[in-house]
Amino acid sequence: MQKFTYLAFILLLSGIIACNTGSEAPAVTAQQNDYYYEPHRPQFHFTPEANWMNDPNGMFYYEGNYHLFYQYFPDSTVWGPMHWGHAISEDLVRWEHLPIALYPDSIGCIFSGGAVVDNNNTSGLGTDNQTPIVATFTHHDFAGEKAKTNDFQKQSIAYSLDGGKEWSKYKGNPVIPNTEKIKDFRDPKVVWHEASQKWILVLAAYDKVKFYASSNLTEWEFISDFGIEGDQRLWECPDLFPMKVEGSDEMKWVLIVSIQKEAPNGGTASSYFVGDFDGTTFKCDPENQKWLDWGTDNYAFVTWNNLPESDGRTVGIGWMSNWQYAQIVPTEKWRSAMTIPRELKLFNVDENYTLYSMPTKEFESLRSKSTAFGQMNITDDKMLKGTFDPSQSEFDVTINLQKTTAESFGLKLENGAEEYFSIEFNKADGKMYVDRTHSAKNKFSDKFYDKVHTAPVDFNRETMNIRFLVDAASCEIFINGGELNFTSIFFPSEKFNKATIFARGGKLEVSNATIYELNSIWN
Ligand code: FRU
C-alpha cells in the first residue's frame, strides 16, 4: 500500500481536509523549556519542541550557521499538511528553534526538498549586497489528490535574502509543473555542476530519479532519468553530490535514494548508488545499490549544501524513524527525532565503492566524564562501570577488538524494569543481531517489536572497531569507522542504566574501550 493512501486516511481521521495556513510562531530556544526532559526525549538528537516532524529538508551552511529545515505539522503529533520547520546550529550539535519557514499556500502544502546558496546570483533573485538562498520543494495539493487528478505534486521555489530567516515564495511557481501527471513526483534537491556550469535538480518520480538542468534555478529542462528495471518500490528524497574517493584524486557521484518498502529490516530506509555524472546522465550499475544504514530508523537522509571548501566535508542527517510506526510511537508532545549529523566518506576497496558515515567530530564536544578500559579478555559478562554513571546521562562507547575466538559477543543495555536492548555479533553466520523486542513492556505496535534485526558483518579482519551512541530513545551503531551503520529507536519504560559487554563460546579480546557520559544539548 502506498504511503499517501495511508496518510490521506490519517488526514481524514484528523478531520483536516484543507491546507492550514497557520499563524506566525515566535522563536523559542529550547533551553527555556523544562519539557525537554520528558520521558523518551532525546538529549543529544534534534527534536521539535512539539508536534509532528519527518524528513530533514533544505539544509545549507551560511555565514557560520548550519540551517536545518524539516517536514513539520504544527497542529498535531501525527502527519498533516506539511510546513517547513526551521532550526540553526553553529556546530551541528546544539540547535536553536526558529519560526516556521514555509507555510502551505494556494498551490499546496510544502513537501520535502533542498536549498542552495546562489552565491553568483544566477537566479537574479538577489541584489548587489544580498545573496539569494533558494529552496526547492514540492507543492502537494490535497484537493487534487482527492479528485485523483494525478498532477497534484509540482516543484516550486522560495528564496531568502537575509541568510535564511525570512522566505518568499517565487511568483512564477510551480517551476516544474507535473505535465506527465505522475502521482508520486516530489522532493527536488539541487546541486551545482561545475563542469557544465549548471544547476542539477534531482527528484523522485515513483520508482525513478528524474534529472533536470538549469542555469538560473527558475527555468528547468528535463535531461534524464535513472532507475532499476522492474523495481516496484516507491523512491523518495533523492540527493546527488560529488565526492572524492579517500586516498586518491578520483571523483565519483553519489546518488542517495530513500526507499519506501522492503528495507533490509522492514519498512523504509535510505540507500545509495555510486557512479558517474556527466552533466546529463547518471551512470552506475543499478545492481550496486547499497544501504546507507542497515537499521530501521534512518530515512530521507540528505546532505548539507554550501559547506566551505576549507571544510571539505560531506555531512548529512536522516529522519530517525520509519513510516511503519512513526505516527504511533509513544511520545506525547512531539513525534520523531533526527539522526546524529554524520560525515560521509567514500572508499574504494577493489572497485567496490562504499560510503562510510560517522558522527561529525563536533559531536565530541558533548563528552564529559569518561572511563577508559585497557586490554581485557572477556569470556562471560563484564559490566562497564567506573566514574561514568549511565543512569545519569546518555553515553558514547567505543570498543576496539582483536580478532576473537568467541563465537558471539556484544553489548547489552538494561534497566531496572527488566527490559533490555542488545547487539550481538555472531561469527558463525557472519551477522549482527539487534534486539529491541524486550525494550519495553508496553508494546505499542506489532511492526516495531516484530523481530530481531540483522546486518551482515565481516569477521575476518584482524581488528574491529565499534561505536555506540546511546540516547534516551535510540542507539546508533558505527562499525569499523562507519563502514556499516545501524540506527535503532526504542522506548523503554525506564532509562537503560546498565551496559554489559558479553562473550559466549570463547574469548573476546578487547584492546581497549572508552565510555563517555554525554551532556544534553538542551542545557
Ligand atoms: C518522505 C516523504 C516525502 C514527502 C514527505 C511528505 O518521508 O514521503 O517523499 O515529500 O515525506 O511529508
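Colleague: Which residue is the bridge partner of Val 302 in E19?

Modeller: In E19, Val 302 has Ile 317 as its bridge partner. This is a predicted model, in which local features need pLDDT of at least 70 and side-chain atom pairs count only at pLDDT 80 or more, while totals for chains, interfaces and linings use all residues. Residues are numbered from 1 along each chain as its sequence is written, and side-chain values use heavy atoms, with hydrogens and water left out.

Colleague: How many bridges join strand E18 to E19?

Modeller: Strands (E, at least two residues) are DSSP runs numbered from the N terminus, as are helices (H or I, at least four), and two strands pair if DSSP finds at least two bridges between them. Here E18 (residues 299-303) and E19 are joined by three bridges and run antiparallel. E19 is also joined by three bridges to strand E21 (residues 342-349), again in antiparallel fashion; on that side Gly 316 stands opposite Arg 342, and Thr 314 has Leu 344 as its bridge partner.

Colleague: What order do the four strands of this open sheet have?

Modeller: The order is E18-E19-E21-E22, with antiparallel pairing. E18 and strand E22 (352-359) each have a single partner strand and stand at the edges, so one side of each is left without a neighbour in the sheet.

Colleague: Is strand E19 mostly covered or uncovered?

Modeller: Burial is judged by relative accessible area (buried under 20%, exposed over 50%, partly exposed in between, with a 1.4 Å probe and protein chains only). Strand E19, residues 314-319, is mostly covered, since six of its six residues are buried by that rule. Thr 314, Gly 316 and Gly 318 point one way from E19, whereas Val 315, Ile 317 and Trp 319 point the other way, and all are buried.

Colleague: Which strands supply at least two residues each to the lining of the largest pocket?

Modeller: On a 1 Å grid over the protein atoms alone, a pocket is an open set of points with protein on both sides within 12 Å along at least five of seven lines, a cavity is a set where a 1.4 Å probe fits but cannot get out, and lining residues have an atom within 4 Å of a point. The strands in question are E5 (109-117), E9 (185-193), E13 (235-244), E14 (251-259), E19 and E21, and the largest share, six residues, comes from E13.

By class, the lining divides into 20 nonpolar, 11 polar and 10 charged residues, where Ala, Val, Leu, Ile, Met, Phe, Trp, Tyr, Cys and Pro count as nonpolar, Asp, Glu, Lys and Arg as charged, and the others, Gly among them, as polar.

Colleague: How many cavities of 30 Å³ or more are there?

Modeller: The count comes to seven cavities, and the largest cavity holds about 140 Å³ of space. Of the 15 residues that line the largest cavity, Ser 336, Ala 337, Ala 473, Ile 489 and Phe 491 lie nearest its centre, and its lining comprises nine nonpolar, five polar and one charged residues.

Colleague: Where does Trp 79 lie?

Modeller: Trp 79 lies in the loop between strand E2 (65-73) and strand E3 (83-89), and at 2% relative accessibility it counts as buried. Its C-alpha atom is separated by 7.1 Å from that of Gln 327, although these residues are 248 apart along the chain. The flanking strands E2 and E3 run antiparallel and are joined by seven bridges, including the one in which Gln 71 has Trp 84 of E3 as its partner. Both strands belong to an open sheet of five, ordered E4-E3-E2-E1-E20 with mixed pairing, in which the edge strands E4 (96-102) and E20 (334-335) each pair on one side only.

Colleague: What backbone geometry do Asp 350 and Pro 174 have?

Modeller: Most residues other than glycine have a negative phi, and most peptide bonds are trans. Asp 350, in the loop between E21 and E22, has a positive phi of about 50° and is exposed, with a relative accessible area of 73%. Glu 351, also placed in the loop between E21 and E22, has a positive phi near 65° and is exposed at 61%. Pro 174, in the loop between strand E8 (168-169) and E9, is joined to Asn 173 by a cis peptide bond with omega about -5°.

Definitions and conventions. Points joined across faces, edges and corners; volume = space filled by probe spheres on them.
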